[in-house]
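Subject: Structure handover

Hello,

Here is the structure for you to look at. My notes follow below it.

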Amino acid sequence: MQIDEVFMREALELAKRGWDKVFPNPMVGALIVRDGEVLAKGWHERYGAIHAEAAALANCLCDPIGATLFVTLEPCCHSGKGKHNPPCTDAIIRAGISRVVIARVDPNPSVAGGGISKLRDHGISVLTGVLEEESARLNRVYETLIREERPYVHLKAAISLDGFLAASDGTSKWISSAESRDTVMHFRSQSDGILTGRGTLFTDLPSLTVRDGENKISPGRQPARIFLNSRGKIPEGWQKEGGQVHIYHNQCCLIPENIKSDVHFCPVPGDSKGLSLPHVLSDLRKKNIHRLLVEGGSKTFGSFLRNGLWDRMTLFVAPILLGEGIPFSDGLEVSTVASKLKLRDMTSSRCGNDVMFNGYREALTC
Ligand code: AOF
Ligand code: ZN
């Protein structure tokens, strides 16, 4: 068992090489081992490329008959993107692999245990659950897309030590340090979309762009900019340079002529508490927004938290007190400690003068 974990850890390291290149597919690593010797390695290199198991088999210079395959996700038993990705189970059976060690059963309904059954039906010994949690955590985005059918939601805020997003007059620039803002730029660059609410749009006129150290808009891909704004309005003078703009609304709105063309208006249902987040998220997923960074507003954070529609939270806590002001979240509806909302895998680190806290939603997959 111990030795299985050692090889699986190496397979997980290989999987990580696909970081940022394979979305929305999973990062997967594989290792072929015989008599304690690694015969070949493989990983999923980029979206649409051959799968990790197929890559390891292709990289194996000797006949892998009787060897063990370590793989961080259950091998697929379906035909994927065209002829490049026939089922990995078939290739494993054909190669004469006698044992397969798997970290995580694939949550994809087209696989979901089917790969394991097929291997066992062909007399291959299969062990699952070796470093399962590590594999699930590595593929948090993939797990969320498949299991919850929505984008991975990362809530990010800068708050005062006494928990306020802004002072009572609404001012919030600049609560956090320059170092924290650089980290936010990194988060933005790793997102497909950045979302905020009407309050923030009108108060801060945020650009929601990825910018370099000199505050110039970075060349290359810019994340989409998404606003929850039931009346579908954009403030006068809001600058438009940056990623695509999507405004979710639920009222007929008069759209100013000059901005009509490069802004997408997306109607969704809503009620007195706001727009329906499940509708917004499902629509964003259809638009290939897989990683969503939410830069609230209090109301926006409240509604993601109340609905349990979030995965990760990063709070930059600045060494300042505001006494009173706009709280981090509005309308979370926790009336007693018993119904508190808990985070897991909490870490803290210094970011300039601030402390960055990072945690994940308690209810995770394994
Ligand atoms: C990957 N890489 O190494 C493995 C995957 O889009 P396709 O055709 O490549 O198929 C994607 C599915 O294949 C994915 O959702 C998962 O179920 C399975 N395994 N996918 O992208 C890999 N092993
Ligand atoms: Zn496969």
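Among contacts in the protein between residues at least 6 apart in sequence, what percentage join residues at least 24 apart? The figure is 68%, where a contact means that two C-beta atoms, placed from the backbone, lie within 7 Å.

This is a predicted model, in which local features need pLDDT of at least 70 and side-chain atom pairs count only at pLDDT 80 or more, while totals for chains, interfaces and linings use all residues. Residues are numbered from 1 along each chain as its sequence is written, and chains are lettered from A and ligands numbered from 1 in the order in which they are written.

Overall: along the principal axes, the C-alpha atoms fill a box of roughly 70 × 45 × 45 Å. Of the 366 residues, 44% are buried (20 or more other C-beta atoms within 10 Å of the residue's own).

Domains: an automatic or database assignment gives domain 1 (3-145) and domain 2 (150-361). Their C-alpha centres are 36 Å apart. Seven residues of domain 1 contact seven of domain 2.

Helices: H2 (residues 52-59) packs with H3 (residues 88-95) at about 30°, the axes being 9 Å apart (helices are DSSP runs of H or I, at least four residues, numbered from the N terminus; axes are lines fitted to C-alpha atoms over the stretch in contact, with angles from 0 to 180 degrees between N-to-C directions). H2 is therefore roughly parallel to H3 (angles under 35 degrees). Glu53, Ala54 and Leu57 of H2 meet Cys88, Ala91, Ile92 and Ala95 of H3.

Regards

Conventions. Helices (H or I, at least four residues) and strands (E, at least two) are DSSP runs, numbered from the N terminus. Angles under 35 degrees count as roughly parallel, over 145 as roughly antiparallel, 65 to 115 as roughly perpendicular and the rest as oblique. A residue is buried if 20 or more other C-beta atoms lie within 10 Å of its own, exposed if 12 or fewer, and partly exposed in between; C-beta atoms are placed from the backbone.
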